[in-house]
Amino acid sequence: MTRKVQCQLLGEELDGLAFQPYPGDLGKRIYDNISQQGWQRWLAHQTMLINENRLSPINPEHRKFLETEMEKFFFGEGSEAPEGYIPPDE
């Protein structure tokens, strides 16, 4: 049976994540409060941040930036797209 969570990002009860997607307290908060759909939205946003800012996930400063943006995306004021970013036509 799928675990349900009240998704803090999307504001409705949805399927929860199968496992904690990130280490530490932030990962636990995400697991407890964010749905699979919410996590997928973060992954798309994170990919945009990595590409637009030319980030390297192995660089500790870049990882810290992404962690800060992740916390803002889920639990803060939201993570903004880089200045000048134009979303692709879908």
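1. The accessible surface of the protein, in this predicted model, comes to about 6,200 Å², and 49% of that area belongs to carbon and sulfur atoms; the areas come from the Shrake-Rupley method with a 1.4 Å probe, and for residues only the protein chains shown count as cover. Of the 90 residues, 30% count as buried, where buried means under 20% relative accessible area, exposed over 50%, and partly exposed in between (1.4 Å probe, protein chains only).

2. On conventions, residues are numbered from 1 along each chain as its sequence is written, and side-chain values use heavy atoms, with hydrogens and water left out. Because this is a predicted model, local features need pLDDT of at least 70 and side-chain atom pairs count only at pLDDT 80 or more, whereas totals for chains, interfaces and linings use all residues.

3. The average pLDDT (the predictor's confidence in each residue, from 0 to 100) is 92 for the protein, and 97% of the residues score at least 70. Confidence is lowest in H2, at a mean of 95, and highest in strand E1 (residues 4–6), at 97.

4. The protein has 3 helices and 2 strands, in the order β-β-α-α-α along the sequence; these elements are DSSP runs, numbered from the N terminus, with helices (H or I) of at least four residues and strands (E) of at least two. Taken along the principal axes, the C-alpha atoms fill a box of roughly 40 × 30 × 20 Å. Among contacts (heavy atoms within 4.5 Å) between residues at least 6 apart in sequence, 50% join residues at least 24 apart.

5. Phe 74 lies in helix H3 (residues 60–75) and counts as buried because its relative accessibility is 4%. Leaving out residues up to four places away in sequence, Phe 74 touches Gln 8, Leu 9, Ile 30, Ile 34, Gly 38, Trp 39 and Trp 42. The C-alpha atoms of Phe 74 and Phe 19, which are 55 residues apart along the chain, are separated by 17 Å.

6. A search of the whole structure finds 5 aromatic pairs, a pair being rings of Phe, Tyr or Trp (its six-membered ring) whose centres lie within 6.5 Å, with planes under 30 degrees apart counted as stacked, over 60 as edge-to-face and the rest as tilted. Trp 39 and Phe 74 form a stacked pair, at 6.0 Å centre to centre and with 10 degrees between the planes. This pair links distant parts of the chain, with Trp 39 in helix H2 and Phe 74 in helix H3, 35 residues apart. Trp 39 is buried, since its relative accessible area is 11%.

7. Trp 42 and Phe 74 form a tilted pair, at 6.2 Å centre to centre and with 50 degrees between the planes. Here too distant parts of the chain are linked, Trp 42 being in helix H2 and Phe 74 in helix H3, 32 residues apart. Trp 42 counts as buried because its relative accessibility is 0%. Trp 39, Trp 42, Phe 73, Phe 74 and Phe 75 form one aromatic cluster.

8. His 45 has its place in helix H2 (residues 36–53) and counts as buried because its relative accessibility is 12%. Not counting residues up to four places away in sequence, His 45 touches Phe 73, Ser 79, Glu 80 and Ala 81.
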